[in-house]
Amino acid sequence: MAHSELYAQIDRYAYINPLAKTSPVTKMLFALSALIISVSSPSPVVPIIVFAATTILLLRLAKIPVHFYLDMLAYPTVMLALSCLIIALFFGTGEPLTQIAFPWFMWTIFKSGIALSVATFLRVEGALSCLFFLVLTTSITDIFITLRRARVPKVLVEMALLIYRYIFVFIEVAEKMNTAQKLRLGHSGWMRRIRSLALLSGNLFIRTLEQGERTLTAMNARGYDGNIRVLEDQPPAKKTALAGIIIFDIMLVLAAYLTLNTGVL
Amino acid sequence: MHIMEGFLPHPWWEIWFAIALPIVAYGVYRLSKLTKKIPEAKPLLALMGAFIFVLSALKLPSVTGSSSHPTGAGLAAVVVGPGITSVLSIIVLIFQALLLAHGGLTTLGANTFSMGIVGPFVAYAIWIAAKKVRLPTSVGIFLAAAIGDLVTYVVTSAQLALVFPTAGGFFDAFLTFGSIFAVTQVPLAIGEGLLAVVLFDFLAKYKGQLLSAMKVIKLPTPASTHKEPKQQ
């Protein structure tokens with residue numbers, strides 16, 4: 001499962017990349033503003049600029065290896081290309097580009113369908129690069145600290161941190177039980193495998209729940225009051241970096257206006 | 001059904017956020033009320049979130065700018081209520097976007113609306129209706145989880161068809177997306193329904209006290225034992 005290992009690496013890079021210790025506010029502001037402008041822009045030029053800018057920052061400043069970044073992009077890009085192919089061939093309205101007559105129906109390819117497909121492809125690639133910038137440079141903990149400072153309801157952040165922990169408990173417990181079942185010949189034959197799977201899924205649920213209940217008891221014993229406190233040692237945002245982001249965003253909006261009438265075709 | 005990052009253009013991604021956020025806010029209100037009243041419910045709530053995360057990460061690729069997978073939100077809706085499920089779903093969807101690049105931040109509103117709002121509310125309505133007409137618990141859970149899952153994909157198909165019309169109009173595009181999803185989703189929904197039945201049985205067996213405190217099931221009290229036999 002090379003694919004899932006790839007994503008396990010994302011979290012690692014979020015902690016070890018050279019930008020890990022810089023202000024999460026700056027990184028989130030950059031990624032989210034570029035994402036929003038890029039997705040909202042009607043012109044296909046803005047996503048291309050955003051993709052180029054975030055890619056250069058990721059490879060140069062955050063020192064993410066090129067092959068890793070390409071691996072990350074590969075899977076969504078292949079799926080996206082297939083989806084866009086379907087859109088180009090079967091969707092769209094208005095002026096037809098070409099028509100192919102089959103005995104049982106008339107297959108029409110529309111100009112607008114192809115334009116829509118290309119615009120979608122560029123928009124998604126631009127947006128993906130922003131998302132990857134955020135996840136490769138900023139750890140989940142940093143993101144949640146920032147959200148808590150931004151006055152997101154406390155109960156929401158608490159639930160998010162608990163769920164985050166539980167996902168890993170879930171996976172750990174499942175792996176242990178699966179190994180135990182394998183050792184006791186629980187996977188010999190079809191019927192036994194299905195029975196083992198049913199036992200695992202049911203017990204996994206209860207085991208994880210009980211482990212969580214014990215954790216909560218332990219937390220209560222240490223004075224848990226609904227706040228999960230972590231060390232907040234992120235530096236404050238630098239004014240020059242913030243100014244740079246604002247200038248970049250203004251340039252993007254300008255680019256969007258200047259190329260407003262640039263069609264894809 | 002997670003629509004890919006950036007797949008929905010302006011103004012659609014904003015529209016889905018605007019529709020989804022008030023309901024999530026209602027869910028946050030329900031969540032803080034429940035955790036104040038029954039703090040012991042927190043592990044169960046977090047477990048339901050992790051359950052949704054794991055199930056909806058088991059994706060089959062689909063050529064619709066999206067993917068096909070179980071959602072887990074139906075069972076969560078029955079156990080913790082649809083409002084709270086919408087909060088759990090939005091948290092899970094953020095994690096999946098950030099950790100797995102599955103779904104996205106701009107499409108968060110649309111994905112929350114299909115997986116965290118319509119699916120769970122329909123599942124909950126079916127569960128309540130099944131209880132009203134006195135169907136066996138397992139049938140009610142199966143229907144709630146399976147139909148809740150399918151409805152989620154109906155909503156996703158509609159969301160995609162609104163953005164990508166065909167010559168035949170919205171309804172034609174809707175049917176195209178719907179039929180692409182249906183190939184993989186109908187078997188998955190049945191599987192999810194069966195899994196939900198197994199898990200709910202386990203929960204009722206081992207955590208009956210907690211479930212009855214949350215008013216999901218009624219534990220037979222000594223006086224009513226002969227009237228309402230225990231499910232297990």
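Q: What is the phi of B:Arg134, which is not a glycine?
A: Most residues other than glycine have a negative phi. B:Arg134 is not a glycine, yet its phi is positive, at about 60°.

Q: Where is B:Lys215 found, and is it buried or exposed?
A: B:Lys215 also has a positive phi, near 60°, in a residue other than glycine. Its place is the segment after helix 8 (208-213) of chain B. With 8 other C-beta atoms within 10 Å, B:Lys215 is exposed.

Q: Which residue does a cis peptide bond join to B:His10?
A: Most peptide bonds are trans. Here omega is about 0°, and the bond is cis.

Q: How many residues of chain A are in contact with chain B?
A: Let us turn to the place where the two chains meet. Chain B gives 49 residues to the contact.

Q: Which elements give two or more residues to the side of chain A that touches chain B?
A: Both helices and a strand are on the list. The strand is strand 2 (106-110) of chain A. The helices of chain A are helix 1 (2-16), helix 2 (24-40), helix 4 (66-90), helix 5 (111-137), helix 7 (154-183) and helix 8 (190-221).

Q: How many nonpolar residues are on the side of chain A that touches chain B?
A: That side can be sorted by class. It has three charged residues and 10 polar ones. The nonpolar residues number 36.

Q: Why does the largest nonpolar core lie between domain 1 and domain 2 of chain A?
A: This core has 135 residues, and those with the most contacts inside it include A:Leu131, A:Met159, B:Met48 and B:Ala123. The core lies between the two domains because both give residues to it: domain 1 (2-138 + 235-258) and domain 2 (149-221) of chain A.

Q: How far apart are the C-alpha centres of domain 1 and domain 2 of chain A?
A: Chain A is divided into these two domains, and domain 1 is written in two pieces, 2-138 and 235-258. Between the C-alpha centres of domain 1 and domain 2, the distance is 34 Å.

Q: Is A:Gly126 buried or exposed?
A: A:Gly126 is in helix 5 of chain A. Beyond four places in sequence, A:Gly126 touches A:Ser38, A:Pro47, A:Ile48, A:Val50, A:Phe51 and, from the other chain, B:Gly6. Being buried takes 20 or more other C-beta atoms within 10 Å. A:Gly126 has 27, so it is buried.

Q: Which residues is B:Gly178 in contact with, leaving aside its neighbours within four places in sequence?
A: B:Gly178 is found in helix 7 (residues 170-206) of chain B. It has 19 C-beta neighbours inside 10 Å and therefore counts as partly exposed. Its contacts are B:Val154 and B:Ser157.

Q: How many bridges join strand 1 (residues 96-101) of chain A to strand 2 of chain A?
A: These two strands form a hairpin with four residues between them. A:Pro96 stands opposite A:Phe110 in strand 2 of chain A. The strands run antiparallel, and the number of bridges is five.

Q: Which element of chain A has the highest confidence?
A: Chain A has a mean pLDDT of 85, and 95% of its residues reach 70 or more. Confidence is lowest in helix 1 of chain A, at a mean of 73. The highest mean, 93, belongs to helix 3 (residues 45-60) of chain A.

Q: Where in chain B does pLDDT stay under 50?
A: Chain B averages 87, with 94% of the residues scoring at least 70. For the stretch under 50, the model has one contact beyond four places in sequence. That stretch is residues 223-227 of chain B.

Q: What ipTM does the predictor give the complex?
A: Two scores are given for the complex as predicted. The pTM is 0.87. The ipTM is 0.86.

Terms used
Residues are numbered from 1 along each chain as its sequence is written. Chains are lettered from A and ligands numbered from 1 in the order in which they are written. This is a predicted model: local features need pLDDT of at least 70, side-chain atom pairs count only at pLDDT 80 or more; totals for chains, interfaces and linings use all residues. Two residues are in contact if their C-beta atoms, placed from the backbone, lie within 7 Å. Ala, Val, Leu, Ile, Met, Phe, Trp, Tyr, Cys and Pro count as nonpolar, Asp, Glu, Lys and Arg as charged, and the others, Gly among them, as polar. A nonpolar core is a set of buried Ala, Val, Leu, Ile, Met, Phe, Trp, Tyr and Cys residues joined through C-beta atoms within 7 Å. A residue is buried if 20 or more other C-beta atoms lie within 10 Å of its own, exposed if 12 or fewer, and partly exposed in between; C-beta atoms are placed from the backbone. Domain bounds come from an automatic or database domain assignment. Two strands pair if DSSP finds at least two bridges between them. pLDDT is the predictor's confidence in each residue, from 0 to 100.
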